[in-house]
Amino acid sequence: MIKGRHIIEPTDLSINELNQLCILASKIEANPDDYLDALKGKLLATLFYEPSTRTRFSFEAAMLRLGGQVIGFSEPNSSSVSKGESIGDTIRTIGCYADAAVMRHPKEGAPKLASKYSNIPVINAGDGGHQHPTQTLTDLHTIKSLKGNISGNVIGFCGDLKFGRTVHSLVKALSRYEDLTFVFISPPELGMPSYILEELTDHRVIEISSMEEILPELDILYMTRIQRERFFNEEDYLRLKGYFILTKKKLLLAKEDMIVMHPLPRVDEIHTSVDTDSRAVYFQQAKFGMFIRMALILKLMKGDDHA
Amino acid sequence: MLKVDSIKKGIVIDHITAGLGYEIFKELKLDEVDYTTALIRNVSSRKLGKKDLIKIDNVVDLDLDMLGLLDPNITLVIIEGEDVVDKIKLSLPKRVEGILACKNPRCVSTIEEIDDVSFYLANERTREYRCEYCDTPYYPKKV
């Protein structure tokens with residue numbers, strides 16, 4: 001039963017619960033009119049202590065499309081937080097008005113702290129470089145929808161794997177599924193942290209520093225941004241960045257049914273000429289993100305009533 | 001052989017890893033009490049080669065989580081009427097609360113007033129604890 005729970009990290013949901021959410025998200029996508037009034041009279045609070053247009057819009061669109069309404073702030077200066085109010089006090093006050101709260105905060109663990117004081121479900125919408133569970137739900141739902149199954153795939157992760165919160169959360173969530181091959185494509189200095197690799201002992205793992213030779217093997221390519229400031233010097237950045245940029249030419253090497261994912265925003269790691277390729281699903285991914293958030297909010301507020 | 005009087009009613013903290021006795025003595029603030037205590041260092045031990053031990057001739061409340069974190073090898077020997085009435089073997093606690101502070105400047109516990117921050121044992125082999133809020137690792141001093 002998901003109703004009333006806090007969603008702080010991806011593993012707060014069992015595989016079975018994730019499957020239920022994906023099924024509900026697909027139902028909503030297929031028949032959105034059936035859900036227009038599903039949350040009529042309900043309020044979602046969006047507490048954004050740092051700006052995030054994409055995630056906030058996704059949650060707000062999800063709530064509005066379910067017939068509910070949204071209150072909140074998009075930066076802390078417009079709230080009593082600017083007067084020094086604690087997270088515990090803020091969430092207890094918001095709990096008097098809203099039926100669930102979505103929180104993004106620059107400090108790691110802030111949504112977890114809020115959940116300790118809250119009598120309404122708290123959804124973590126990103127806490128610093130730590131967790132972003134609804135991005136992980138988005139990614140899992142995208143894979144399930146477009147590949148049919150999560151198990152059995154060869155999944156490549158390309159870019160900055162050392163600091164990428166999205167990638168860490170997704171890999172951790174995927175590690176609970178069977179028969180996966182993880183391919184980590186990055187410069188050695190931006191490789192996957194060892195504490196994450198240690199959790200993948202039941203899976204095949206390949207670490208490689210160039211995408212071309214492994215592209216023909218991949219079922220899924222998850223691209224992330226390589227940030228210039230992560231490199232020790234400009235020369236290294238300029239020398240290495242080409243290895244981690246996806247172009248139309250490189251895509252010729254890939255399977256016809258491979259999918260290219262990206263959490264967005266993209267900078268230059270995927271050339272815009274790739275956008276028209278049917279394998280580029282990153283904008284579709286954003287849409288899947290809204291439907292899975294609809295499913296999550298619905299389950300948190302109404303339980304299985306609309307499943 | 002050094003002779004230290006036996007305890008009538010109290011606790012012996014035994015099997016302390018040699019070299020840690022003084023630190024534990026200080027941590028328990030035994031240098032500030034007015035009842036009889038003894039810190040004995042580098043005692044021969046069949047099990048450890050050398051060990052430290054602390055004798056406390058008084059009934060005291062000890063924080064077993066904190067002691068286990070400092071040295072999981074410790075055995076507590078409870079004495080009543082000069083007889084051993086119980087032995088408690090410590091281990092690494094699964095969770096410690098209010099003992100450690102997170103050093104990650106990005107952690108919420110550094111800006112909010114939280115007295116009871118928990119750290120959970122993530123890897124017993126490497127003695128790795130993690131902050132409940134930000135999952136930043138913490139390694140107690142290696143023994």
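Predicted model: local features only at pLDDT ≥ 70, side-chain atom pairs only at ≥ 80, totals over all residues.
Student: Let's start inside chain A. What makes A:Thr46 count as buried or exposed?

Tutor: The count of neighbours decides it. A residue is called buried if 20 or more other C-beta atoms lie within 10 Å of its own. A:Thr46 has 24 such atoms within 10 Å, so A:Thr46 is buried.

Student: Where does A:Thr46 sit, and which residues does A:Thr46 touch?

Tutor: A:Thr46 belongs to strand S1 (residues 43–48) of chain A. Leaving out residues up to four places away in sequence, A:Thr46 touches A:Arg56, A:Phe59, A:Glu60, A:Val70, A:Gly72 and A:Val102. As for A:Val122, 76 residues away along the chain, its C-alpha atom and that of A:Thr46 are separated by 10.0 Å.

Student: Why is S1(A) described as largely enclosed?

Tutor: Five of the six residues of S1(A) are buried, so the strand is largely enclosed by the rest of the structure.

Student: What connects S1(A) to S2(A), and what is the hand of the crossover?

Tutor: The chain passes from S1(A) through helix H2 (residues 53–65) of chain A to S2(A), a β-α-β crossover that is right-handed. The name applies because, with the strands pointing away from the viewer, the path from the first strand over the helix to the second runs clockwise.

Student: Now for the larger picture. How is chain A divided into domains?

Tutor: The domain assignment gives domain 1 (10–131 + 289–302) and domain 2 (134–285). Taken over C-alpha atoms, the centres of domain 1 of chain A and domain 2 of chain A are separated by 27 Å. Their contact takes 18 residues from domain 1 of chain A and 16 residues from domain 2 of chain A.

Student: Which elements build the side of domain 1 of chain A that touches domain 2 of chain A?

Tutor: Helix H1 (15–30), strand S4 (122–127) and helix H10 (282–302) of chain A each supply at least two residues. H1(A) gives the most, with six residues. By class, this side of domain 1 of chain A has 10 nonpolar, six polar and two charged residues.

Student: And how many residues take part where chain A meets chain B?

Tutor: The contact takes 11 residues from chain A and 10 residues from chain B. On the side of chain A, helix H4 (residues 110–117) gives the most, with three residues. That side divides into three nonpolar, five polar and three charged residues.

Student: Over to chain B, then. What is its make-up?

Tutor: Chain B has two helices and nine strands, in the order β-α-β-β-α-β-β-β-β-β-β along the sequence. Of its 143 residues, 27% are buried.

Student: What makes S2 and S5 the edge strands of the five-stranded sheet in chain B?

Tutor: The open sheet has the order S2-S3-S1-S4-S5 (chain B), with antiparallel pairing. Strand S2 (37–45) and strand S5 (83–89) of chain B each pair on one side only, and these are the edge strands. The twist averages 20 degrees from one strand to the next.

Student: How many bridges hold strand S4 of chain B to S5(B)?

Tutor: Strand S4 (residues 75–80) of chain B and S5(B) pair in the antiparallel sense over six bridges.

Student: One last case. Why is B:Pro137 called partly exposed?

Tutor: Buried needs 20 or more neighbours and exposed needs 12 or fewer, with partly exposed in between. B:Pro137 has 14 C-beta neighbours inside 10 Å, so B:Pro137 counts as partly exposed. B:Pro137 lies in strand S9 (residues 137–138) of chain B and, apart from neighbours within four places in sequence, is in contact with B:Glu128 and B:Arg130.

How values were computed. Residues numbered from 1 in each chain as written. Chains lettered and ligands numbered in written order. Contact = placed C-beta atoms within 7 Å. Helix = DSSP H or I, 4+ residues; strand = E, 2+ residues; numbered from the N terminus. Nonpolar A, V, L, I, M, F, W, Y, C, P; charged D, E, K, R; others polar. Domains from an automatic or database assignment. Pairing = 2+ DSSP bridges. Axes fitted to C-alpha atoms, helices over the stretch in contact; angles between N-to-C directions.
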